[in-house]
Amino acid sequence: MSVLADFAAKTGVKYFMISYTDLFGGQRAKLVPAQAIVDMEEDGAGFAGFATWLDLTPAHPDMLAVPDASAVIQLPWKPDVAWVPADCVMEGVPVEQAPRNVLKKLVAEAAEAGLRVKTGIEAEFFLLTPEGDQISDPFDTAAKPCYDQQAVMRRYDVIAEICDYMLEMGWGPYQNDHEDANGQFEMNWDFDDALVTADRHSFFKFMVKSVAEKHGLRATFMPKPIEGLTGNGCHAHISVWDLDGKTNAFASKDGKGQVGEVGLSEQGGYFLGGIMKHAEALAAITNPTVNSYKRISAPRTISGATWAPNSVTWTGNNRTHMVRVPGPGRFELRLPDGAVNPYLLQAVIIAAGLSGINSKADPGKRYDIDMYAEGHLVKDAPRLPLNLLDAIRAYDEDEGLKAMMGTGFSTSYSKMKMQEWNSFVSHFSRWERENTLDI
């Protein structure tokens, strides 16, 4: 008996959602009855890849999504159904551009170097009205709403239900809060291996949207859904371990030098150096939409701060920089936003970090200033891209990062993102009519 058929027999699951994530972060699935799962587990479910956001044509053969039975999750809110992430294959060969395949390749490369990357993410989201045009809680109006206990309790039914499910699934959730924008929330769970975190991140987005809909609301991870409010970030906490996962390869043993002083080893400094070196190109993946640049290039928000970076700088325990080192043996990348593809986020972190280790990249000067108040004093730090086009161009020019991510993936990703940009700039906006009609 197959692993998934056995899982269905033990749990009472009637259907499996065989799911993959496309280049733009869209989750695609086929609903397969448990009686048919044996063949699907071996051969995969068939998809027309061109019908989703992949760089394929109608002439390509079937793309098969082969489920990873080790990552199956029974839906806590609908126990008859199980979700299982899949790896995309075409004519017996992994699809090079498929995001989960990109991540698995980089996880393997890290393992060859004796390294095991572990991450945790902070996925922020808004709860809006079903139309998506305003905050769902009319009483959530505070100028500084972060950690507002009344506001979080008014959404207790949604937040507690999601947290209960994470407890049930063994994710180790440890805190939930109202975030810095009105209508915004964040939920945290334990860090784990990069692929596990990516699968859980993908499922989390699906779960939050599903539970919100159940309660008559709409959840969004859009980077900047409400003008004037803090946007949705997706901060990533990164540490690297030996292969048995017990020794932190990033932890400083001597405390010397600017990296050692904040708790990073020499190797950890090189990994950080890779993140800094490739940061401008990194943005094309960590901040993948037109809307993303309304978050990292935003003016001060109603609460007083955007909590998003706009320059390539790093620091100790200071939240105003792109990278924060809050304690020994790990660092926080504050660049990614809610639109980031869960698999490509992990992949590009590993790619940039391994590149840094391979080249012994210097992370550059550590700044301990308040970048929001004194950032204008920093003259030698690169600015992050101002828009998606700048980010795509930066990615195209970064041959080292493109090679680490895979030439096939990079070519397809840049091509499709440029098509997205061209679609955006060909759109006539209300702003254009209001401001240039009579010029």
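This is a predicted model: local features need pLDDT of at least 70, side-chain atom pairs count only at pLDDT 80 or more; totals for chains, interfaces and linings use all residues.
Residues are numbered from 1 along each chain as its sequence is written, and side-chain values use heavy atoms, with hydrogens and water left out.

View 1. In the contact (heavy atoms within 4.5 Å) you will find 17 residues from domain 1 and 22 residues from domain 2. Together the domains bury about 1,800 Å², 71% of it on carbon and sulfur atoms; buried area is the accessible area (1.4 Å probe) that two parts lose on being put together, summed over both. Look for Leu23, Phe24 and Trp77, which supply 37% of the area that domain 1 buries against domain 2, more than any other three residues.

**View 2. Helix 6 packs against helix 11.** Helices here are DSSP runs (H or I, at least four residues), numbered from the N terminus. The axes of helix 6 (residues 194–214) and helix 11 (residues 342–359) come within 8 Å and cross at roughly 150°. Axes are lines fitted to C-alpha atoms over the stretch in contact, and angles run from 0 to 180 degrees between N-to-C directions. That angle makes helix 6 roughly antiparallel to helix 11 (over 145 degrees). Residues making the contact include Leu195 and His201 of helix 6 and Tyr343 and Ile350 of helix 11. By class, the contact has seven nonpolar, four polar and two charged residues; Ala, Val, Leu, Ile, Met, Phe, Trp, Tyr, Cys and Pro count as nonpolar, Asp, Glu, Lys and Arg as charged, and the others, Gly among them, as polar.

**View 3. Helix 8 also packs with helix 11.** Helix 8 (residues 266–277) and helix 11 pack at about 120°, their axes 7 Å apart. Among the contact residues are Tyr270 and Phe271 of helix 8 and Ile350 and Leu354 of helix 11.

**View 4. Thr289 sits in a loop.** This loop runs between helix 9 (279–286) and helix 10 (293–296). Leaving aside neighbours within four places in sequence, Thr289 is in contact with Pro223, Ala339 and Leu388.

Notes: Helices (H or I, at least four residues) and strands (E, at least two) are DSSP runs, numbered from the N terminus. Angles under 35 degrees count as roughly parallel, over 145 as roughly antiparallel, 65 to 115 as roughly perpendicular and the rest as oblique.
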